[in-house]
Every structure is written in structure tokens, then in C-alpha cells.
Amino acid sequence: MNFHDALAEDIRTSAARLLAEDVGGGDITAELIPERQWAKARVISREPAILCGVPWVDELFRRLDPRVSLKWLASDGDRLEADAPFLELEGPARSLLTGERAALNLLQTLSGTATRASHYASLVEGRGVRLLDTRKTLPGMRVAQKYAVSCGGGHNHRIGLYDAFLIKENHIAACGSIAAAVREARDIASDVTCEVEVENFEELAQALDAGADVIMLDNFDNDQLIEAVARNKAHAKPAVLEASGNVSEATLPGIAATGVDCISIGALTKDVTSIDLSMRIYTVETR
């Protein structure tokens, strides 16, 4: 499954799951509202943010009640200003209130991910290095968070265990050597990216000689990263170099200056802080 197909499937299944989780057998509080009450509402962000989650919210309200119309005043990847509306909704008051929390939960989490990715990307702007996410995502939100990272200006590493080889220490031990592991990967799927994680210069040399497409430099300090970049350039078949480990706001600019091609950061997804969003009904009428 490619990312586009995985994304379309995630939008469908996530919307259904969120509604089932929150609504269950029915919204008993919404039943307090007369069935013919029609309402208009706005959603605002209480803080600056990068918007993410539009297709999920569209699908959620489509499933909940097709009579609800949504007018987006911003698109995924756009910067939101504090207290400015970015979404207007109109439809049965019951449905607006029933879908409110599921929609905002999704938006606040994905916008938080996109906002964090945008912040980290700004720290290395102009450096020519790509920031990569990892598989350290919130449970059940892998594809959605990776989409959010791209909305914030980051890039996706492999989506799961199925779309790229990432040969780590235990794989190497089980296969016998880096060369054996890479050779086996080529035999299984020669057209799939093969990445090897290394912890020292000896393993770097082995990975280069084995013909790895990407080499992850695990917990190399900046001086070691500079040396690794030089050795890679001197090799007959250079690989893409990815720095990983101990990456923070403080260390990121220094790592980017070493000349590596990519930097992977688990914090883009695992340490996400949700954006403070609010929906307010501003018009109610009976139809």
C-alpha cells in the first residue's frame, strides 16, 4: 500500500472510529435540543498554529450528518493566527454539537504535530537538510501524524515496517554481518530502499561497502558526523546520511551544520502538544 492509499483509508477509518468512540449509542445531551434547531458555528485557534486535519473533519461530519456544511477559511499547512476563525459550520444544532469534540480532538492533535514540525524546520531553514519523522507516533495515528509532519514542512521516513528496510543492530546480529543483511534485503526486494543503522566508523565503512542506500548515524557527536560526511563523499558509492539520536531544539542547528543529508527526530510526533481550539455557536433558528 502506498502512502496515498494509506491516507485515504486512514481518513475513512479514523472518522468512523472517532464517532464510535465518542457517540456510542447516541448523544443524549444533544437530545435536549429541539430536532428542528439549525445553527451556525465558528472554530478558532486560541494560539498561532499550522492547520492540519481538514479531510478527516470533512469525512467525520459527512458520516455524522450530510446536512452539515463546512466552509474552511484555511487549508492544511496554512498558518493560523490566534483568535481568528478558520472554519465555519452550518447545520442541525444537534449534529454540530455531537461532532464537535471528535472533530476538535483530531484537529488539535494533527495541528499540534504540524506546528511542531514547522518550528523544527524553521531552525534549519536554508541548511539544505531534510527533517524526518520516525515510527514513534501516537498509537493508531501513524499515517495522520506523518501527513501532519509534511504539512509542517518536515519529511516522512518509512511509514511502517513494510515500505523500506531499516537494518539495525539486532538484524545485523541475526544475519551475521552488515554485508549479509544488505545482500538479503536486495534478494528480497531490490527496488526498495535499504537503510543501515551504524554506531561507529567501522560499521559505516561496512555499510558503504555493502551498498546501503541510506546510512543512519546513531548518536554520533558533531565532530564524528563531520568525519562521516567526509568519508562518505570519498567513497566510490556514497550513501544518503541520516543523523539520529539526541536531537533537540538546542542540538538541531549544530547537527544540520555538519553536512548530513537528513536528521530524524522522534519528538516531531511522540511529544506533540495539542493546539487550543474552540467552537462557538453564534446563530440558532428553527426550521
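## The largest pocket

A pocket here is an open set of grid points, laid over the protein atoms alone, with protein on both sides within 12 Å along at least five of seven lines; its lining residues have an atom within 4 Å of a point. The structure is a predicted model.

The largest pocket has a volume of about 430 Å³. Its lining is made up of 22 residues, and those nearest the centre are Thr 134, Lys 136, Lys 168, Ser 244 and Ser 264. Three elements, strand S9 (214-218), strand S10 (240-244) and helix H10 (267-270), each supply at least two residues of this lining.

## The nonpolar cores

In soluble globular proteins, nonpolar side chains tend to be buried together. In this model, the largest nonpolar core has 46 residues. Leu 51, Trp 56, Trp 72, Phe 86, Leu 89, Leu 107 and Leu 110 have the most contacts inside this core. Two or more residues come from each of H1, strand S1 (37-45), strand S2 (49-50), H2, S5, H3, H4 and strand S12 (277-286). The element that gives the most is H3, with nine residues. There is also a second, separate core of 38 residues, which includes Val 124, Val 149, Val 247 and Leu 268.

What does Phe 86 touch, leaving aside its neighbours within four places in sequence? Its contacts include Val 43, Ile 44 and Ser 45, together with Leu 51. Lys 71, Trp 72, Leu 73, Ala 74 and Leu 80 are also in contact with Phe 86, as are Leu 107 and Leu 277.

Helix H2 spans residues 54-64, and its buried residues are Val 54, Trp 56, Val 57, Glu 59, Leu 60 and Phe 61. The elements that cover these buried residues include helix H1 (3-23), strand S3 (69-72), strand S5 (85-92), helix H3 (93-123) and helix H4 (142-151).

A residue of H3 shows one side of this covering. Ala 103 is found in helix H3. Buried or exposed: which is Ala 103? Ala 103 is buried, because its relative accessible area is 5%, and the cut-off for buried is under 20%. Leaving aside its neighbours within four places in sequence, Ala 103 is in contact with Val 57, Leu 60 and Phe 61, which are among the buried residues of H2. The C-alpha atom of Ala 103 is also separated by 8.7 Å from that of Ala 15, although the two are 88 residues apart along the chain.

Glu 59 has its place in helix H2. Why does Glu 59 count as buried? Its relative accessibility is 11%, and buried means under 20%. Beyond its neighbours within four places in sequence, Glu 59 is in contact with Ile 11, Arg 12 and Ala 15. The side chains of Glu 59 and Arg 62 are joined by a polar contact of 2.7 Å. A network of salt bridges links Glu 59, Arg 62 and Arg 63.

Glu 9 lies in helix H1. With a relative accessible area of 33%, Glu 9 is partly exposed. The C-alpha atoms of Glu 9 and Val 143 are separated by 9.5 Å, while the residues are 134 apart along the chain.

## Salt bridges

How many salt bridges does the structure hold? There are twelve. In one of them, the side chains of Asp 276 and Arg 46 meet at 3.9 Å, N to O. This pair links distant parts of the chain, 230 residues apart: Asp 276 is in the loop between H10 and S12, and Arg 46 is in the loop between S1 and S2. Asp 276 is partly exposed, with a relative accessible area of 39%, and Arg 46 is partly exposed with a value of 39%.

Lys 146 forms a salt bridge with Asp 133, with the closest N and O atoms 2.6 Å apart. Lys 146 is in helix H4 and Asp 133 is in the loop between strand S6 (130-132) and H4, 13 residues apart. Both Lys 146 and Asp 133 are buried. A further salt bridge joins the side chains of Arg 287 and Glu 285 (3.0 Å, N to O). Arg 287 is partly exposed at 43% relative accessible area, and Glu 285 counts as partly exposed at 35% relative accessibility.

Key: Residues numbered from 1 in each chain as written. Predicted model: local features only at pLDDT ≥ 70, side-chain atom pairs only at ≥ 80, totals over all residues. Heavy atoms only, no water. Buried < 20%, exposed > 50% of the residue type's maximum accessible area, 1.4 Å probe, protein only. Helix = DSSP H or I, 4+ residues; strand = E, 2+ residues; numbered from the N terminus. Contact = heavy atoms within 4.5 Å. Core = buried A, V, L, I, M, F, W, Y, C linked by side-chain atoms within 4.5 Å. Polar contact = N/O pair within 3.5 Å; in protein donor to acceptor, adjacent residues only side chain to side chain. Salt bridge = Lys/Arg side-chain N within 4 Å of Asp/Glu carboxyl O. 1 Å grid on protein atoms, 1.4 Å probe; cavity = no way out; pocket = protein on both sides within 12 Å on 5 of 7 lines; lining within 4 Å. Points joined across faces, edges and corners; volume = space filled by probe spheres on them.
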